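User: Hi! Could you walk me through this one while I have it open on my screen? I'd like to start with the charged pairs.

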Amino acid sequence: MLDNFKLYLSEKSDLTEATIDKILKEVRVESIQKGEFLLSAGDVCKHAFFTEKGLLRAFTVDESGKEHIIQFAPEDWLISDRSNIYFNAPSDLFIEAIENSTVIFISTEFMGMVSEMSSKFQKENELALHSHIRQLQKRINQLLGATAEERYLTFIQKYPDILLRVPLWMIASYLGITPESLSRVRKDLAKKNFKS
């Protein structure tokens, strides 16, 4: 049932299969329906969420009620409000299921336990944190300086498997552009590719 998470632990640690099977009993697994929230703004986030099956998104809502998508989490991705977990403060994020999903709730205690059991996992976890920070910095730079077309092409590289799984307005929200601008970008790219 937890094949993706089991593979994730196997690749990120040097634990035996028997040990992984044992510690998998320590995680909480839930079926989350499309439209259901795992986290709402104002809540204190106690878990990271691993998408075993399905698709999640993290977003904020500004004062005018407009949504700004921060991250998508398809299968094999982790999603959370990392700063919220470590600083125990109310979250600014909403995390919602875009599809019916199977989600593993990972506590900081679980991460600590696995890190103690496997130095490889601890190093991989640190690397993942630094990689996350690097990706956020790249994302900020793109939002500040890249064209809409460049942002869209980067999105396709990062999330190739979800283009057909989410509505275009969500992609536009992630890119920081209007749905109309996204339609123009897609038409322009189609014309360029058709001429090639």
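Analyst: Happy to! A salt bridge here means a side-chain nitrogen of Lys or Arg within 4 Å of a carboxyl oxygen of Asp or Glu. Glu-96 and Arg-57 form such a pair through their side chains, at 2.7 Å from N to O. Keep in mind that this is a predicted model.

User: Which strands do Glu-96 and Arg-57 lie in?

Analyst: Glu-96 belongs to strand S7 (residues 94-97) and Arg-57 to strand S4, so the pair ties together parts that are 39 residues apart in sequence.

User: Are Glu-96 and Arg-57 buried or exposed?

Analyst: Both Glu-96 and Arg-57 are buried. Arg-57 counts as buried because its relative accessibility is 4%, and the cut-off for buried is under 20%.

User: What else does Arg-57 touch?

Analyst: Its side chain also makes a polar contact of 2.7 Å with that of Glu-67. Leaving out residues up to four places away in sequence, the contacts of Arg-57 include Phe-72, Ile-79, Phe-94, Trp-169 and Met-170.

User: OK, how many salt bridges does the structure hold?

Analyst: There are 10 salt bridges. One of them joins the side chains of Asp-21 and Lys-6, at 2.8 Å from N to O. Asp-21 sits in helix H2 (residues 17-23) and Lys-6 in helix H1, so this pair ties together parts 15 residues apart in sequence. Asp-21 is partly exposed, with a relative accessible area of 32%, and Lys-6 is partly exposed at 23%.

User: Switching to the nonpolar side: which residues touch the most other members in the largest core?

Analyst: Phe-72, Phe-155 and Leu-175 do, in a core of 19 residues. Strand S5 (67-73) and helices H6 (148-158), H7 (168-175) and H8 (179-195) each supply at least two of its residues. H7 gives the most, with five.

User: And what does Phe-155 touch?

Analyst: Beyond four places in sequence, Phe-155 contacts Phe-72, Ile-162, Leu-163, Ile-171, Tyr-174 and Leu-175. Apart from this core lies another, of 17 residues, including Tyr-8, Ile-23, Phe-50 and Phe-121.

User: Last one: where is Leu-9?

Analyst: Leu-9 is in helix H1 (residues 3-12) and is buried, with a relative accessible area of 0%. Setting aside neighbours within four places in sequence, Leu-9 contacts Ile-20, Ile-23, Leu-24, Phe-110 and Phe-121.

Key. Residues numbered from 1 in each chain as written. Predicted model: local features only at pLDDT ≥ 70, side-chain atom pairs only at ≥ 80, totals over all residues. Heavy atoms only, no water. Core = buried A, V, L, I, M, F, W, Y, C linked by side-chain atoms within 4.5 Å. Buried < 20%, exposed > 50% of the residue type's maximum accessible area, 1.4 Å probe, protein only. Helix = DSSP H or I, 4+ residues; strand = E, 2+ residues; numbered from the N terminus. Contact = heavy atoms within 4.5 Å. Polar contact = N/O pair within 3.5 Å; in protein donor to acceptor, adjacent residues only side chain to side chain.
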